[in-house]
Amino acid sequence: VAVAVAVEFAAAALPSALLGALAGLAGGALLAGGVLDAGVVVPWGQVAVLVGVLAVAAAGTALLTARQAWRVPPLAVLREE
């Protein structure tokens, strides 16, 4: 059960991290091209490193959250609501 919870949390966190990185890259390109009238040069190596770091951070955060979630008995959570 604990592994399933961890996988579920990681599966939700990783796409979010990747979409956030892509949204930031696209937003920066739009601002630089539209507002500043500047050309955009994308450093793909740095982007790849950033996406990797974000993926690891998202997975780590998801695993920590999942670890806390599987320590709480389900009935205790239901009683609180």
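Which residues of H2 are buried? In this predicted model, local features need pLDDT of at least 70 and side-chain atom pairs count only at pLDDT 80 or more, while totals for chains, interfaces and linings use all residues. Residues are numbered from 1 along each chain as its sequence is written, and side-chain values use heavy atoms, with hydrogens and water left out.

To take the opening question, the buried residues of H2 are Val-47, Ala-58, Ala-59, Ala-62 and Ala-66. Buried here stands for under 20% relative accessible area, exposed for over 50%, and partly exposed for what lies in between, with a 1.4 Å probe and protein chains only. Helices (H or I, at least four residues) and strands (E, at least two) are DSSP runs, numbered from the N terminus.

The protein chain has 3 helices and 0 strands, and its elements run α-α-α from the N terminus on. Its C-alpha atoms fill a box of roughly 60 × 25 × 15 Å along the principal axes. The radius of gyration of the protein chain is 18 Å, whereas a compact globule of 81 residues would have one near 12 Å; the radius is taken over C-alpha atoms, and the globule rule is 2.2 Å times the number of residues to the power 0.38. Of the 81 residues in the protein chain, 15% are buried. The accessible surface comes to about 6,000 Å², and 73% of this belongs to carbon and sulfur atoms. Such areas come from the Shrake-Rupley method with a 1.4 Å probe; for residues, only the protein chains shown count as cover.

Helix H2 covers residues 44-71, and its 28 residues should span 40 Å at 1.5 Å a residue; the end C-alpha atoms are 41 Å apart, which agrees. The expected span is 1.5 Å times one less than the number of residues. Ala-62 is found in this helix and counts as buried because its relative accessibility is 5%. Gln-46 also has its place in helix H2, but Gln-46 is exposed, since its relative accessible area is 59%. Between Gln-46 and Ala-4 there are 42 residues in sequence and 33 Å in space, C-alpha to C-alpha.

The largest nonpolar core consists of 5 residues, Ala-10, Ala-13, Ala-17, Ala-58 and Ala-62. H1 and H2 are the elements that give two or more residues to this core, and the largest share, 3 residues, comes from H1. A nonpolar core is a set of buried Ala, Val, Leu, Ile, Met, Phe, Trp, Tyr and Cys residues joined through side-chain atoms within 4.5 Å.

Turning to H1, Glu-8 has its place in this helix and is exposed because its relative accessibility is 55%. Glu-8 and Leu-63 are 55 residues apart in sequence, yet 9.4 Å apart in space, C-alpha to C-alpha. Val-35 lies in helix H1, which covers residues 2-35, and is exposed, with a relative accessible area of 64%. From Val-35 to Ala-62 the separation is 27 residues in sequence and 36 Å in space, C-alpha to C-alpha. Together with Leu-31 and Leu-36, Val-35 forms a nonpolar patch on the surface with about 350 Å² of accessible area. Patches are made of residues with over 30% relative accessible area and no salt bridge, with like charges joined within 9 Å and nonpolar side chains (Val, Leu, Ile, Met, Phe, Trp, Tyr) within 5 Å. A salt bridge is a side-chain nitrogen of Lys or Arg within 4 Å of a carboxyl oxygen of Asp or Glu.
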